[in-house]
Amino acid sequence: MTQPKIAVDLILKKLTESTEQVKSRAQKASEVLLSPLKTDLATTPYEVVLEIDRVRLKYYRPEKIKHKIPLLVVYALINRETMLDLQPGRSVVQTFLDHGIEVYMIDWGYPTRKDRFVTIDDHVNIYMDDCIDFIRNQHGLPKINLMGICMGGAFSVMYSSLHPEKIKNLVTTVTPTNFDTDTGLLHVWMKNTCALNMGDAYGNMPGDLMNLGFLLLNPARLMIDKYIGFFEHMDNKAFVENFVRMEKWIFDSPDVPAATFRQFIEDCYKKNLLIQSRMELGGRRVALEKITMPLLNIYGKYDHLVPPEACELLTRHVGSKDKEDICLNTGHIGIYVSSKCQELFAPKIAGWLKEREKKKTAEKKASAKKTTDRKTGGKAAPAKVVSEKKAGAKAATGKKKVASAKKTATRKSATEKTKTRSAAAKK
Amino acid sequence: MMMEQNKDKEKSAESLMAEWMKSSMNFWGDMAKAQSPFFPGQFAKSDDTPDAEKEREQTGKNAARQAQKTLETGSKIFQSFISTISKPENLESVLKGIDSVPDLMTMLTRQSWDSYSELQKQWMERIAKTGKQTKAYNFDDIDQETFKTLREIYENEFQKFLNIPSLGLTRFHQEKVNRLIDKSNLLHVALNEFLYLFSTPLEKTTAVMQEKLEEMAEAEEIHDDFNAYYNMWVKILEGHYMTLLKSPEYTQVMDEAIAALLQYKAAKEDMLCDVLRNFPVPTNRDMDELSKEIYLLKKKVRTLSRKLDETSPAE
């Protein structure tokens, strides 16, 4: 057996170079780490306009309003909504504002042990409903646009099915609705373990425990490689700032109320009731065919938490005629924060919403023209007239509801305005 | 022969017992007398000196007198108890009980030793296996037998001691303590098994890397950049983890670890709640009940408020 020839001298030379590099990097890194770093999240100004228990409704106002209908963004209970406004230049919220959309966002807050009995029904039919009624009332609109993210997307689907009369357009992003898939590890584990009891045992499902679970999904990359990458770029201030921001966001995990966690695992992961329209909230069935508003469903091709298989079935089960699936070449978080998706994701949603608004205006103009034609002896379109009448009746009902919502909101706002103003002032 | 041995044993035990009785009686007698400076007159005769009588009157607090009486009674009871069991007919039965203590100890030691031997056997088998090549991206050869054995040994040999029915006033507390010890042991076994399984990709990756390096050296393709090796290593490690994490074996072990953790937590909280009841602080159980009441009340108020808004005429 011949002895393999190894270029020992070359290896030693490289080793010397590497040592020099490490030494110089360590010096620069210490300078970077000891200097003031900009690692603040969610710096886009907002106002807290409503507070219900621990839940807050944030309002972001664009410089110039170009959209008539505001957008409510519902984030998941896992991690925080600050991800949508991670940093200047990587902010979904800022992009929406740049497109002239008024953005409302639900901040679920940090549940404590007293929130352990709060169910999905409470989140959807109380907190979300109160927020939506408030926005409708503020803008004098019967319907608003709704966008859901991950678990918040599932909540938005449930809401749109139970209250379709309040939602104009629905946007779901990385939203799991079909849980019967073995592609994602999370689906396999949730289906085959007793994880659902964790919430009950701990009072609420601890955020740290969930984060540990997420790290275990890819230990080689998330527990080793990620930090080696950090050490390699510690001398780069911009890199360090971005890394720390991301770390701040990742490990800022509120607990999930035990009852909500249990129901989500039981009804969705284990029984897969949502996509089958068999899930029940507050005694009412969540029927997907009742979702008739335009639907835009966006998900990531390389999403390891909510794989495409978990998202793509939704459009097939809803009653909407105007529906669209978009699969982006990215992962679960990359869809919102990667520089590549900054040009694809939020601008696409803004454009889609604008199109629907224009379409509606054009339809209204056309119908108004038809009515004038009919009055002036033009050809009548009976079916259309009937539907218009219905629409008119609906609008009237909607107005009544708005009035009632207005009343409720006025009562609330009297006590809440003070709170809100002081919170905004603090901000 | 055996009979004679037993008799000798009994005799020696008897004499030992008698000696112990005597010395303990002396000890307790001395101890009781030693109390006399604190409780004067306790061991003094009724016709004691007038000074002592005066002293007694001076210290004549009711509590002290009561304590004296109690101690005197206790001492008498103890002395009579010792005298009773010192009688030959009673001593024999006591000795029988005492003789059974070493038997119990022997049994426990034997069980511990047997279990240790069994474990050692498993470990030796495992050590012998380490020389064999580990299969890459395959987790069929995972050696979980050691942990299974450990659990079986615990469940069959030791768990039963924690399940001995508790008696008396503190039986429920004792049961909770035993349950906590039991669940803690089970958690340790489950956690060890989980950590072992979780670390197997590292072992397998090292083996694969070694092979790859040998191949590269043979082909004279050794990299001079260390990052290339690290990237290779982390990629192989990720592949191994992906294979392991998807395997039903891993899911099962993880499920067992979660279940053990939850049971341990429940047992710990149960015991802690008992302890906290002795302090003027509310326990989690109390707070949960209160939270539930508030939650239900809030819900009721919300529903009523909504109904009121719907029924009242619009302004």
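This is a predicted model: local features need pLDDT of at least 70, side-chain atom pairs count only at pLDDT 80 or more; totals for chains, interfaces and linings use all residues.
User: Which residue meets the side chain of Lys166(A) in a salt bridge?
Analyst: Lys166(A) lies in the loop between α4 (151-162) and β8 (167-173) of chain A, and its partner lies in helix α3 (residues 120-139), so the pair ties together parts that are 33 residues apart in sequence. The N to O distance is 3.1 Å. The partner of Lys166(A) is Asp133(A).

User: Are Lys166(A) and Asp133(A) buried or exposed?
Analyst: The cut-off for buried is under 20% relative accessible area. Lys166(A) has 7% relative accessibility and counts as buried. Asp133(A), at 17%, also counts as buried.

User: What is the relative accessible area of Asp180(A)?
Analyst: The side chains of Asp180(A) and Lys191(A) meet in a salt bridge of 3.5 Å, N to O. Asp180(A) lies in the loop between β8 and α5 (185-192) of chain A and Lys191(A) in helix α5, so this pair ties together parts that are 11 residues apart in sequence. Lys191(A), at 23% relative accessibility, counts as partly exposed. Asp180(A) is exposed, and its relative accessible area is 53%.

User: How many salt bridges does a search of the whole structure find?
Analyst: Some salt bridges share partners, and such bridges join Arg56(A), Lys58(A), Arg80(A), Glu81(A), Asp107(A) and Asp252(A) into one network. The search of the whole structure covers all chains, and its count of salt bridges is 37.

User: Which residue of β6(A) stands opposite Arg56(A)?
Analyst: Strand β2(A) and strand β6 (residues 103-107) of chain A pair in the antiparallel sense over five bridges. In β6(A), the residue opposite Arg56(A) is Asp107(A).

User: How many residues of β2(A) are buried?
Analyst: Strand β2 spans residues 55-60 of chain A and is mostly covered. Of its six residues, the number buried is five.

User: Which residue in the hairpin of β1(A) and β2(A) takes a positive phi?
Analyst: Strand β1 (residues 47-52) of chain A and β2(A) run antiparallel and are joined by five bridges. The hairpin has two residues between the strands. The residue with a positive phi, near 50°, is Asp53(A).

User: Which are the edge strands of the open sheet of eight strands?
Analyst: The sheet has the order β1-β2-β6-β3-β7-β8-β13-β14 in chain A, with mixed pairing. An edge strand here pairs on one side only, and these edge strands are β1 and β14 (323-328) of chain A.

User: What is the average twist from one strand to the next?
Analyst: The strands concerned form an open sheet of eight with mixed pairing. From one strand to the next, the twist averages 20°.

User: Which residue of β14(A) stands opposite Leu295(A)?
Analyst: Strand β13 (residues 295-300) of chain A runs parallel to β14(A), and six bridges join them. Opposite Leu295(A) stands Lys323(A).

User: At what angle does α4(A) run to β7(A)?
Analyst: Helix α4(A) lies across β3 (71-74), β7 (144-149) and β8 of chain A. Its angle to β7(A) is about 140°.

Methods:
Residues are numbered from 1 along each chain as its sequence is written. Chains are lettered from A and ligands numbered from 1 in the order in which they are written. Side-chain values use heavy atoms; hydrogens and water are left out. Buried means under 20% relative accessible area, exposed over 50%, partly exposed in between (1.4 Å probe, protein chains only). Helices (H or I, at least four residues) and strands (E, at least two) are DSSP runs, numbered from the N terminus. Two strands pair if DSSP finds at least two bridges between them. A salt bridge is a side-chain nitrogen of Lys or Arg within 4 Å of a carboxyl oxygen of Asp or Glu. Axes are lines fitted to C-alpha atoms, for helices over the stretch in contact, and angles run from 0 to 180 degrees between N-to-C directions. Contact means heavy atoms within 4.5 Å.
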